[in-house]
Amino acid sequence: MEKDKSDKDLNDSSVKLMYFIAAIARLCIGESKKKIMSVSLTHPEVTVIGYIYYENPHPCMSDIGQVLSLDLSTLTRITDRLVEKGLILRKPDLQDRRVVRVCLTQKGKEVVKTLEKERTQILENSLKNLTVEERSNLIKLMEKLFQAIFGKQNQSRFSVETCPH
């Protein structure tokens, strides 16, 4: 009987947690989309420049495609638009001329910083009702949940220590 109650509590907690995470994600994504539209970018374009800015400043096209699950033809169209908008540059790899690498221009970096400020402001407004201790606990719990879901192999890639601040 006690195990059934424990299982039910776990199930109820899981449902509530999924609901809250999804609602927060929808809010952040919805607000971000408004800002993305104001800078004339598509969501895939923002995803690519975000990857370059936060994770790999000089990736080759195949790296981006693999990490973001984009086929090369789709990624080529996205990068063509980003080059036209002056947000990224294509450069040949110094060791292997068959490989094309991309990097952000100064304008591209500024766009990412602007979008980051917007997202940060949305979250700051949401978190201002929490104490410093509550925010710290929330971060620790989210990291623990992330590790439980995605495993230790992603711990270094997505942790407080590797955040851009």
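Contact is taken here to mean heavy atoms within 4.5 Å. In this predicted model, and with neighbours within four places in sequence set aside, Leu41 is in contact with Ile36, Val46, Ile49, Leu82, Lys85, Leu87 and Val111. Leu41 also belongs to the largest nonpolar core, which has 19 residues, and is listed there together with Val48, Ile49, Ile52, Ile64, Leu82 and Ile88 as having the most contacts inside that core.

The charged side chains were examined next. Five salt bridges are counted in the model, among them one between the side chains of Arg81 and Glu45, with a nitrogen-to-oxygen distance of 2.6 Å. This pair links distant parts of the chain, since Arg81 is placed in helix α4 and Glu45 in helix α2, 36 residues apart. The two partners fall into separate classes of accessibility: Glu45 is buried, at 0% relative accessibility, whereas Arg81 is partly exposed, with a relative accessible area of 32%. Because buried residues are those under 20% relative accessible area and exposed residues those over 50%, with partly exposed in between, the value of 32% puts Arg81 in the partly exposed class.

The side chain of Glu45 also meets that of Lys85 in a salt bridge, at 2.9 Å from N to O. Glu45 lies in helix α2 and Lys85 in the loop between α4 and β1 (88-92), so this pair ties together parts of the chain that are 40 residues apart in sequence. Lys85, at 29% relative accessibility, counts as partly exposed, and Lys85 is also one of the residues in contact with Leu41.

A further salt bridge joins the side chains of Arg90 and Asp80, with an N to O distance of 2.5 Å. Since Arg90 lies in strand β1 and Asp80 in helix α4, the pair ties together parts that are ten residues apart in sequence. Both residues are partly exposed, Arg90 at 34% relative accessibility and Asp80 at 31%. Through salt bridges that share partners, Glu45, Arg81 and Lys85 are joined into one network.

Two aromatic pairs are found in a search of the whole structure. In one of them, Tyr19 and Phe20 are arranged edge-to-face, with 5.5 Å from centre to centre and 65° between the planes; Tyr19 is exposed, with a relative accessible area of 53%. The rings of Tyr53 and Tyr54 have centres 4.9 Å apart and planes at 85°, so that this pair, too, is edge-to-face. Tyr53 is partly exposed at 28% relative accessibility, as is Tyr54, with a relative accessible area of 34%.

Finally, the cysteines were considered. A disulfide is a covalent bond between the sulfur atoms of two cysteines. With a pair of cysteine sulfur atoms required to lie within 2.5 Å, the count comes to zero disulfides in the model. Cys60 is buried, with a relative accessible area of 10%, and Cys103 is likewise buried, at 7% relative accessibility.

Terms used:
Residues numbered from 1 in each chain as written. Predicted model: local features only at pLDDT ≥ 70, side-chain atom pairs only at ≥ 80, totals over all residues. Heavy atoms only, no water. Buried < 20%, exposed > 50% of the residue type's maximum accessible area, 1.4 Å probe, protein only. Core = buried A, V, L, I, M, F, W, Y, C linked by side-chain atoms within 4.5 Å. Salt bridge = Lys/Arg side-chain N within 4 Å of Asp/Glu carboxyl O. Helix = DSSP H or I, 4+ residues; strand = E, 2+ residues; numbered from the N terminus. Phe/Tyr/Trp six-rings, centres within 6.5 Å; stacked < 30°, edge-to-face > 60°.
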